[in-house]
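Subject: Handover of a structure and notes on its features

Dear colleague,

Please find below the structure that I am handing over to you. My notes on it follow directly after.

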Amino acid sequence: MRYLVAALALLSAPVLAQSKPSASPQSVAEPSLPRQLAETSYFSVGRPGLTSITPDEKTVYFLRASPTSRLQTLFAFDVATGQTREVLTPEALLKGAEETLSAEEKARRERMRLRASGFTSFELTRDGEKLRLGLSGRLYVVERASGKVTEVKTGPGVIDPSFSPDGRQVAYVRDNDVYRVELASNREHRVTRGGTPGKPHGLAEFLAQEEMGRYSGYWWSPDAKLLAYTEVDTAGMEQFTIVDVMHPEAGAQRFPYPRAGQANAKVRLGLIPATGGRTTWVDWDAGKYPYLAAVTWPEKGPLTLLVQNRLQTEEQVLAVDVKTGRTRVLLTEQDEAWLDLYPPFPHWLPDGSGFLWLTERNGAHEVELRNADGSLARSLVKPDAGFRALVRYLPEEDTLYFLGGPNPTERYLWCVVKGGAPTRVTSGGPALESARMSEKGGLLTLSTEGPTSLRRVHVLKSDGTRVGELPSVAKEPPFQPRLEVRQVGKEGFWASIVRPRYFKPGVKLPVIVDVYGGAIATSVHQSMVQHLMAQWMADQGFLVVKFDGRGTPLRGREWQRAVKYNLGMVTLDDQVAALKALAAEVPEVDVQRAGIVGWSHGGYISALAAMERPDVFKAAVAGALVADWRDYDTHVSERLLGLPQEHPEAYDRSSLLTYAKQDKPIGKLLLIHGTADDNVYFFHTLKLSDALFRAGRPHEVLPLSGFTHMVADPLVSERLEERVMRHFREHLSPAPGVTSR
């Protein structure tokens, strides 16, 4: 759940001409838009994706699919000429065969929210002479100078490959152990031994991938002589079962799942020669700090761990003695509510003289420069800068590039020189920008989108001078959303409003609140792509709105942590307050006809709204909801609510099952859930439905057979959105003349 909304927020797609409002709703409705959005991944298919700049800053490599396929191809952009060439296609390697993935790779892509196929990642060696790509469980190396492609001779089912720092080897995981291949001889060597499905070596565990942002379970030493790797022991964990209800003959899949208050996987870190041999286990207080949140092995500086206690109120940065496995503490961070994780921190300087650290100790995100012993050197980015992500720090120039800004609905590239005030590198807006910078800091790729444009990727010099643009072949949406972003109420809630394109000022319209409300992401952005579906919904006779209340990030520590021990009602109260504040400012808002819809955490809030505030929300659609936080994973539930054994009242107060049993009116509620969801399991919706049924409270349930937490099938997506809108049309009485679409 942690990275789902962040991933959706980065869905993007060049500038459209302004579309004129149509005269009638019949002529503007887009009956196939949900299907188009699913087929094109929100019109991002065909746009440049992952980018990497060569060390000499002469070439930018990037992945891109065709407009009608998710099969990504590798391209190269020449900085001097501005020309783009195709480097390698998946078809050239597959030679007509179907792409196949192991169950472990499918699960890893689910955790990373990857929907693309073909080449989903690539890697350059540090000298820039070779490229590594993976396809269908196999590895390939491309020599840049000659273009020669060599298949690396591995066994099948390769997961998480990476070059050694010297570029002479590739390591990876298969069959639950770490392997490597010497590229000169193209021979495979086993590094670790004894890995099993219940105790794999070199793979990140479920919580690391789903909640911590750590997707790897092994790391090369700078001299390529050693490897650090995780051993994940799931023997003591509960086993959850998923059955394909459409195919009972296929049997069941079992997964170790870390339910709140129950056992987590036991993770330890070993050090082993790259040639194999005896493992030296790293020694830290894993009883007090069981979460291995981050591992980094810089070119200069120690092997470094970031470990957290189970409640995530305390964490330590540890330096490892690789000869003995002993550790020493460089830094301890504490927060009485919880500590968020921010990859890639801690981030070591190239010369090993210190590291960058991100803290909220002073009320908001602040980037510090720490000495090699962990002591504070100075602050580089102050808490009022709105820091969100590190792009690059150039120590020779004492210049730090970052993404962020004070307005949480926008995101820009900034730089701070010698600890001074941040200055924007780019101009214009409103926009959402993302960036990747070369190691030398002279060139960067800037991805930008806004309320009237989908994602474009420009190549810039570090001062913002434009060099060129990576070409897109993507399809364009059939319309541009009629979007407004504003603040409402005395609390200054950020709100987005999408009106029908045939909107008539002064005419009252029913309202659909699109909610997420979780502590990991905001919902209100200056983004066209994130409001395309909202426009399709609005054109059926509604105002579609989003609000960011307390509990969401980017407005300081206190604002975000207001939901501690009271997860649902604080968020719901703010959604109600924001809706009423908007109605006081926008006369077209009909608060007597309001509905609410959400997925995942948003589904949880939507169901709570139907049960606790039917006076406000007459209809609700709740997708993939968490019914009881005792049944969700430890890392999220315990961060927000503590241990269920210690704070049962917080879990009761935040459980939908508590409210389901009450004898009181309920809004018109539709529950939707994928039966194969391995993030928020299907039984959450079944438990809520059972409690509502026993309490005599009417509701509907729509199971999505065989689907996980994401619904990518175009036909099912189309039918799903049609069903959602039929629910709101039936219960909120949209504007006259709007036909069912």
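The structure holds 15 aromatic pairs, a pair being two rings of Phe, Tyr or Trp (its six-membered ring) with centres within 6.5 Å; planes under 30 degrees apart count as stacked, over 60 as edge-to-face and the rest as tilted. Phenylalanine 62 and phenylalanine 75 form a stacked pair, because their ring centres are 5.5 Å apart and their planes stand at 15°. This pair links distant parts of the chain, 13 residues apart: phenylalanine 62 belongs to strand β2 (residues 59-64) and phenylalanine 75 to strand β3 (residues 71-78). Both phenylalanine 62 and phenylalanine 75 are buried (under 20% relative accessible area with a 1.4 Å probe and protein chains only; exposed is over 50%, partly exposed in between). Elsewhere, ring pairs join Phe206, Phe240, Tyr257, Tyr681 and Phe683 into a cluster.

Before going further, please note that this is a predicted model, in which local features need pLDDT of at least 70 and side-chain atom pairs count only at pLDDT 80 or more, while totals for chains, interfaces and linings use all residues. Residues are numbered from 1 along each chain as its sequence is written, and side-chain values use heavy atoms, with hydrogens and water left out.

The charged end of arginine 268 sits over the ring of tryptophan 281, 3.6 Å from its centre. Arginine 555 lies over the face of tryptophan 559, at 3.9 Å from the ring centre.

Turning to the strands (DSSP runs of E, at least two residues; helices are runs of H or I, at least four; both are numbered from the N terminus), pairing requires at least two DSSP bridges between two strands. An open sheet is formed by four strands in the order β14-β15-β18-β19, with antiparallel pairing. Its edge strands, β14 (218-220) and β19 (280-281), each pair on one side only. Within the sheet, β15 (residues 226-233) and β18 (residues 266-273) are joined by eight bridges, and leucine 227 stands opposite isoleucine 272 in β18.

Strands β20 (residues 291-296) and β21 (residues 303-308) run antiparallel and are joined by five bridges. Tyrosine 291 has glutamine 308 in β21 as its bridge partner. The two strands form a hairpin with six residues between them, and glycine 301 in the turn has a positive phi of about 115°.

Yours sincerely

Conventions. Lys NZ or Arg CZ within 6 Å of the ring centre and 35° of its normal.
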